Amino acid sequence: MNRKIKKQHMHELVSEEIIKYIADKELEEGDKLPSVDELVSMFGVGRSSLREALRYLEAIEIVKVINGKGIYVSDSGSYRYSGKVKIDDEKSFLLNILDVRRALEGKAVELAAKRITDGKIKEMKACLAEYDEQKQKGLDTSAIDYEFHQHIYDAAANPLLHSVYDSISELIKKFFSGPFGVKELFDNTYLFHRTLFDGIANHDWEHALTEFNKMMDIIEETIREY
């Protein structure tokens, strides 16, 4: 049987190297890490990859970046390095990102309902049809689910909002890549994709936002109860 090798993004590899550095140097909470320039040179990566890695490590509370002062260890005891990052408290990470997602995507939902074009409605209908088909066939729907939510940001027609989303999209993808190793963890949100779309397509932002919040509430409850 063939075994698929999980593709890792550059920021994930850099995150692992930073955690390994903290472990190797036996750094403790409050200890200062090398500067951004030093880390870029040390790991031979671009500044954008390093920034994304630091955002990720801040989200899971391993480091804290203080503007004008530097990068500090937040917690060296809750995580360990053994060839890849292993997160003991994935719940905390997911809940932190969910807070951001509620605010960011909630605004995108509101704007999408007000600004969506006929062309984008057709695209989202096609996306939902493919989602339904994959669901009925028992296929992995994580990719099409992620695509559906990307359509919302596109429909919002706000380049700055989309840019902010793009800057943390790799973190948000954690919801769609089998958190806790369970691909179908959030399958109970499936029906809300249709009701959320209906609100957006009918330009009813209040209904759309209500359905979005129901979806987020289910995700939060699922994470807390896992």
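Is glutamate 26 buried or exposed? At 63% relative accessibility, glutamate 26 counts as exposed; the cut-offs are under 20% relative accessible area for buried, over 50% for exposed and partly exposed in between, with a 1.4 Å probe and protein chains only. This residue sits in the loop between helix H1 (10-24) and helix H2 (36-43). Its phi is positive, about 55 degrees, although glutamate 26 is not a glycine. Alanine 157, also not a glycine, has a positive phi of about 55 degrees too, and lies in the loop between helix H6 (142-156) and helix H7 (159-172).

A word on the source: the model is predicted, so local features need pLDDT of at least 70 and side-chain atom pairs count only at pLDDT 80 or more, while totals for chains, interfaces and linings use all residues. Residues are numbered from 1 along each chain as its sequence is written, and side-chain values use heavy atoms, with hydrogens and water left out.

Now for the overall layout. The chain holds nine helices and four strands, taken as DSSP runs (H or I, at least four residues, for helices; E, at least two, for strands) and numbered from the N terminus. Along the sequence they follow the pattern α-α-α-β-β-β-β-α-α-α-α-α-α. Of the 226 residues in the chain, 44% are buried. The exposed surface comes to about 12400 Å², with carbon and sulfur atoms supplying 49% of it; these areas come from the Shrake-Rupley method with a 1.4 Å probe, and for residues only the protein chains shown count as cover. Among contacts (heavy atoms within 4.5 Å) between residues at least 6 apart in sequence, 72% join residues at least 24 apart.

Next comes a pair of helices. The axes of H4 (residues 90-115) and H9 (residues 205-225) come within 9 Å and cross at roughly 170 degrees. That makes H4 roughly antiparallel to H9. Axes here are lines fitted to C-alpha atoms, for helices over the stretch in contact, and angles run from 0 to 180 degrees between N-to-C directions; under 35 degrees counts as roughly parallel, over 145 as roughly antiparallel, 65 to 115 as roughly perpendicular and the rest as oblique. Residues meeting across this pair include Leu94, Leu98 and Arg102 in H4, and Leu209, Phe212 and Asp217 in H9. By class, the contact has 12 nonpolar, two polar and 10 charged residues. Nonpolar covers Ala, Val, Leu, Ile, Met, Phe, Trp, Tyr, Cys and Pro, charged covers Asp, Glu, Lys and Arg, and the others, Gly among them, are polar.

On to the charges. Side chains of opposite charge can pair when their charged atoms come close. The whole structure has 15 salt bridges, each a side-chain nitrogen of Lys or Arg within 4 Å of a carboxyl oxygen of Asp or Glu. In H9, glutamate 220 and arginine 224 lie four residues apart, about one turn of the helix, and their side chains meet in a salt bridge (3.0 Å, N to O). Both belong to a salt-bridge network that also links Arg102 and Asp217. Arginine 224 is exposed, at 51% relative accessibility.

Helix H5 has a pair of its own: lysine 120 and glutamate 123, three residues apart, form a salt bridge with the closest N and O atoms 2.8 Å apart. Lysine 120 is buried at 12% relative accessible area, whereas glutamate 123 is partly exposed at 41%. Glutamine 134, also found in H5 (residues 118-136), is buried at 16%. Leaving aside neighbours within four places in sequence, glutamine 134 is in contact with Leu139, Asp140, Thr141 and Ile144.
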